[in-house]
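Please read these points with the model open beside you.

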Amino acid sequence: MKKRYIRHASELVTCKGKAPKHGKEMSDIGLIYDGAVIIHDDKIIAVGTTEELDKQVNSEEYEVIDAAGKTVMPGFVDSHTHFIFGGYRADEFSWRLKGDSYMSIMERGGGINATVVPTREASEEELMEAGKERLNRMLEFGVTTVEGKSGYGMDCETELKMLRAMKKLNETHPVDIVSTFLGPHSVLPQWKGKEREFLDEQLNHVMPKVKEENLAEFADIFTEKNVFTVEDSEYYMTKAKEMGFKLKIHADEIYQLGGSELAARVGAVSADHLLKASDEGIRQMRDAGVISTILPLTAFGLKEEYAPARKMIDEGCAVALASDLNPGSCFSNSIPLMVALGCIYMNMSIEEVITALTINGAAAVDRADKVGSIEPGKAADIIFLKFPSIHFMPYHTAINLVETVIKNGDTVYH
Ligand code: NIG
Ligand code: FE
């Protein structure tokens, strides 16, 4: 058995307790000064102060890891990405800098649809190769679990190819991948006006194959003006749930359509984006236990106003933070920039940001029983920061402070 003992962490962030954390609970990150963690194989078996755990450890049997001067915390869970795709859309970014909007580019054939051709053309191996590089970059930022979506195929073959690439990467790469089927990501020109038929095609032909090969746990949809209506989304989500998929939704991003209320109605695990979520939608998400996942890197890149995170937390919602890494609206998976935006522009405390990136992210991918906190029984997914306090995270602005990443008990980045 592999036995490791981390001791003398200047600050040990545990994020322990019931998950997800709502409202005020998000401020409680279970901080232990001079903290220590015992790991056996891939699991955490004890957590406490160094003084307490020193009594339990026979140091000859253990690999002792000195964490003096470091902050030790759970690996981050990036609960919303589109990290598998072919091609890039740098041209669109430059058009937006000159004043074009994301939706106007989409309406003239760019946007998500522009990623479909290169994704169809890429082989499964090519998607995996590019995906592996992106996972490596995530690991450097301390991400140990990531959610990834299909949605650039718009046909059965390519959607399955994207999901199979993620399944194989999950088996070979240290970062754990939770897969989401996002067939209804946009409407190709041949389906315009026939959105219901397109959804039926997904539900009746593509999704049974996804289930058969066990390729995705979640189903997601882009509910947006000129994409999928609330009525069509409700139809799709209800049927997807009946098929055994857990639900996510891209909701209230550019226009306030009522995606947040829909998420509450259908019992989605999370509703994501939420820049334009209504006050009523926020209350309904809270009451229905829907995790409000906010994606500030996208708002930043699109020069949109940020989601009302402060209001959500004050109303008692469980908020998660995720990157939304994708080739269009947000080609960034920078955790440190997300921390900066959360603290500086969204008025979140660093404790709330940490909760949103760890245990609440884990809950948003239905993994809060396995990852997202440093507690006995959980996977030993643990990161070390170069500085002794969490307060360096926003202060050393947009700088990656991650020095070491332990995944399932093994050091996978240093
Ligand atoms: O979450 N909003 C819809 N989907 C993605 C964008 C994907 C793309 O532009 O390629 C998002 O922002
Ligand atoms: Fe997205």
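1. Val-269 is in contact with Lys-246, Leu-247, Lys-248, Ile-291, Ala-364 and Asp-366, if residues up to four places away in sequence are left out. Contact between two residues means that their C-beta atoms, placed from the backbone, lie within 7 Å. The model is a predicted one, in which local features need pLDDT of at least 70 and side-chain atom pairs count only at pLDDT 80 or more, while totals for chains, interfaces and linings use all residues. Residues are numbered from 1 along each chain as its sequence is written, and chains are lettered from A and ligands numbered from 1 in the order in which they are written.

2. Is Val-269 buried or exposed? Val-269 counts as buried because it has 21 C-beta neighbours inside 10 Å. The cut-offs, with C-beta atoms placed from the backbone, are 20 or more other C-beta atoms within 10 Å of a residue's own for buried, 12 or fewer for exposed, and anything in between for partly exposed. Val-269 sits in the loop between helix 9 and strand 11. Helices (H or I, at least four residues) and strands (E, at least two) are DSSP runs, numbered from the N terminus.

3. Helix 9 covers residues 259-266, and six of its eight residues are buried, so the rest of the structure largely encloses it. Those buried residues are Gly-259, Ser-260, Glu-261, Leu-262, Ala-263 and Ala-264. They pack against helix 8 (230-242), strand 10 (246-251), strand 11 (270-273) and helix 10 (279-288). After helix 9 comes Gly-267, with a positive phi near 70°.

4. Helix 8 has 13 residues and spans 18 Å from its first C-alpha to its last, close to the 18 Å expected at 1.5 Å a residue. The expected span is 1.5 Å times one less than the number of residues. The buried residues of helix 8 are Ser-233, Tyr-236, Met-237 and Ala-240. They lie on the same side of helix 8 because they cover an arc of only 95° around the axis, the arc being that of the directions from the helix axis to the C-beta atoms. Exposed Glu-231 and Glu-242 are on the face turned away from that buried side. Among the elements covering the buried residues of helix 8 are helix 7 (195-212), strand 9 (218-219) and helix 9.

5. Phe-85 lies in the loop between strand 6 (76-78) and helix 2 (90-97). Phe-85 is buried, with 27 other C-beta atoms within 10 Å. Beyond its neighbours within four places in sequence, Phe-85 is in contact with Thr-115, Thr-119, Tyr-152, Asn-326 and Pro-327. Phe-85 and Pro-327 are 242 residues apart along the chain, yet 7.3 Å separate their C-alpha atoms.

6. Around ligand 1 there are 14 residues, of which Ile-112, Phe-222, Asn-326, Gly-328 and Ser-329 come nearest. A residue is near a molecule if its C-beta atom, placed from the backbone, lies within 6 Å of it. This shell has four nonpolar, eight polar and two charged residues. Nonpolar means Ala, Val, Leu, Ile, Met, Phe, Trp, Tyr, Cys and Pro, charged means Asp, Glu, Lys and Arg, and the others, Gly among them, are polar.

7. The domain assignment gives domain 1 (3-74 + 373-413) and domain 2 (77-364); such bounds come from an automatic or database assignment. In contact across the two are 28 residues of domain 1 and 31 residues of domain 2.
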